[in-house]
Amino acid sequence: MNPAPAPDRRRISILGATGSIGRNTLDVMSHLGGRDAFEVPAITGMGNIGLLVEQARQTGAGFAVTADPDRYNELKSALAGTGTQAGAGPTALVEAGERDTDLVMAGIVGIAGLAPTLAAIARGADIALANKECLVSAGDLFTAAMAKSGGKLLPVDSEHNAIFQVLEENQRHAVERIILTASGGPFRDHTLDQMAAVTPERAAAHPNWSMGLKISIDSASMFNKALEMIEARHLFGMRPEQIEVIIHPQSIIHSMVGYSDGSVLAQLGVPDMRHAIGYAICHPRRASLPVERLDLAALARLDFIAPDETRFPALALARTAMRRGGLQGAVLNGAKEIALEAFIAGQTGFLDMADIVAATMDRLDDGRAAATIEDVYAADREARAVASSLLRKSA
Ligand code: NAD
Ligand code: MG
């Protein structure tokens with residue numbers, strides 16, 4: 001018989017447990033006491049059933065869900081005898097968000113994470129948010145749901161986590177600007193001609209952070225930073241012109257907040273996602289985390305470079321999306337996904353991605369706002385269809 005669980009274990013479900021954020025979250029949780037400290041009501045994944053099952057065994061998860069409805073039988077038989085219930089498909093994903101917890105790590109990539117995360121918000125859970133597409137595509141709906149729920153929204157994206165750490169709650173009126181740092185990615189010093197010819201393999205090799213494939217390529221094109229500008233607007237209630245981006249190749253300053261008295265507060269650390277994850281899941285307590293300590297003398301210098309928006313047009317597209325508002329964030333994200341998939345498949349060039357996104361945003365700029373999550377899905381579908389047809393025409 002299993003020993004009775006300690007009554008004060010913190011209950012954390014992990015959406016996207018098998019991904020980069022999910023695996024880092026489980027690593028932090030295991031350093032912070034593992035099953036003695038945490039109860040895991042639900043975990044989710046998609047294609048990697050073997051890893052999902054291993055994670056279920058390690059954590060003693062109550063419910064393990066694959067987003068792929070066709071893998072139910074495989075998951076169920078692999079979980080036989082573990083005490084973990086199996087689930088598959090979109091309804092089970094939402095049920096994973098609904099299972100009672102103190103906090104949910106939203107670590108799914110893309111708008112597939114929206115429904116289960118909103119389900120967790122609806123029952124009042126605190127949300128550690130890595131899944132930035134939730135805010136990019138459905139920022140107004142998401143923040144309204146969060147305000148209604150009374151739960152805390154804890155940013156996991158390293159830049160937003162940094163801002164959260166240095167944003168003085170009682171001084172919000174005095175915030176002039178937030179400054180998102182960007183590494184500049186592997187093509188920071190490339191010319192336009194060189195950038196036009198890069199391959200997906202080169203684009204996926206991030207100089208500082210170890211991340212999933214799509215987010216690594218999005219970092220190289222700075223579409224990741226574009227998403228983060230929109231994410232920051234919704235998280236911190238900023239006007240578009242208050243959000244700045246600076247290239248900082250060392251990725252040591254994770255972001256900054258500028259106040260009306262001229263002070264700029266920064267958060268520093270080694271580039272390791274376990275820092276932001278640990279901060280978010282332990283908030284408001286600071287726990288001892290298994291991250292390397294910063295050695296400033298060894299580092300010697302920190303550099304800053306203004307981003308060149310001719311080579312990184314994604315930044316201007318984020319500003320356009322914020323200015324237009326409504327469903328333009330969802331359109332930007334949906335079109336970007338199609339362009340990114342085409343780039344990964346070798347069907348379009350690195351620089352063409354921004355052209356496809358820009359043209360799709362213009363085509364779907366009709367001033368509509370999202371009243372429901374269905375409106376967000378519809379805008380996403382439309383953006384994908386338009387971007388796909390533009391790609392076919394240019395082929
Ligand atoms: P990843 O691709 O490594 O993992 C994604 C997870 O989502 C996996 O568990 C996968 O099974 C699941 N998933 C994928 N498609 C799904 C679908 N259609 N339905 C349900 N589940 C699905 O991605 P990641 O790098 O861990 O990123 C996750 C999120 O966190 C993204 O929004 C990313 O932008 C953000 N983020 C990641 C990092 C990082 O260091 N990896 C840093 C900051 C923010
Ligand atoms: Mg980030």
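1. Let's start at ligand 1: one of its oxygen atoms sits 3.1 Å from a backbone N or O atom of Met-46, which makes a polar contact (a pair of N or O atoms within 3.5 Å; within protein, one must be able to donate a hydrogen and the other to accept it, and residues adjacent in sequence count only if both atoms are side-chain atoms). Taken alone, ligand 1 exposes 820 Å², and 85% of that is buried by the protein; accessible areas come from the Shrake-Rupley method with a 1.4 Å probe, and for residues only the protein chains shown count as cover.

2. Before going on, please keep in mind that this is a predicted model, in which local features need pLDDT of at least 70 and side-chain atom pairs count only at pLDDT 80 or more, while totals for chains, interfaces and linings use all residues. Residues are numbered from 1 along each chain as its sequence is written, chains are lettered from A and ligands numbered from 1 in the order in which they are written, and side-chain values use heavy atoms, with hydrogens and water left out.

3. Back to ligand 1, which is surrounded by 23 residues (a residue counts if one of its heavy atoms lies within 4 Å). The closest are Thr-18, Ser-20, Ile-21, Glu-133 and Asp-157. Thr-18 places a polar side-chain atom 2.8 Å from an oxygen atom of the ligand, and a polar backbone atom of Gly-16 is 3.3 Å from an oxygen atom of ligand 1.

4. Now the metal. The magnesium ion (ligand 2) has Asp-157 (OD), Glu-159 (OE) and Glu-228 (OE) as protein donors, at 2.1 to 2.2 Å. Donors are N, O and S atoms within 2.8 Å of the metal (3.2 Å for Na, K and Ca); water is not among the atoms, so the site may look incomplete. Along the chain, the donor spacing reads D-x1-E-x68-E.

5. Asp-157 counts as buried because its relative accessibility is 8%, and Glu-159 is buried with 8% as well; buried means under 20% relative accessible area, exposed over 50%, and partly exposed in between (1.4 Å probe, protein chains only).

6. Two loop residues are worth a look. Gly-212 lies between α9 (200-204) and α10 (213-221); helices (H or I, at least four residues) and strands (E, at least two) are DSSP runs, numbered from the N terminus. Gly-212 is partly exposed at 27%, and its C-alpha is 5.9 Å from that of Ser-20, although 192 residues separate them in sequence. Gln-171, in the loop between α7 (158-166) and β9 (175-182), is partly exposed at 29%; the C-alpha atoms of Gln-171 and Thr-18 are 38 Å apart.
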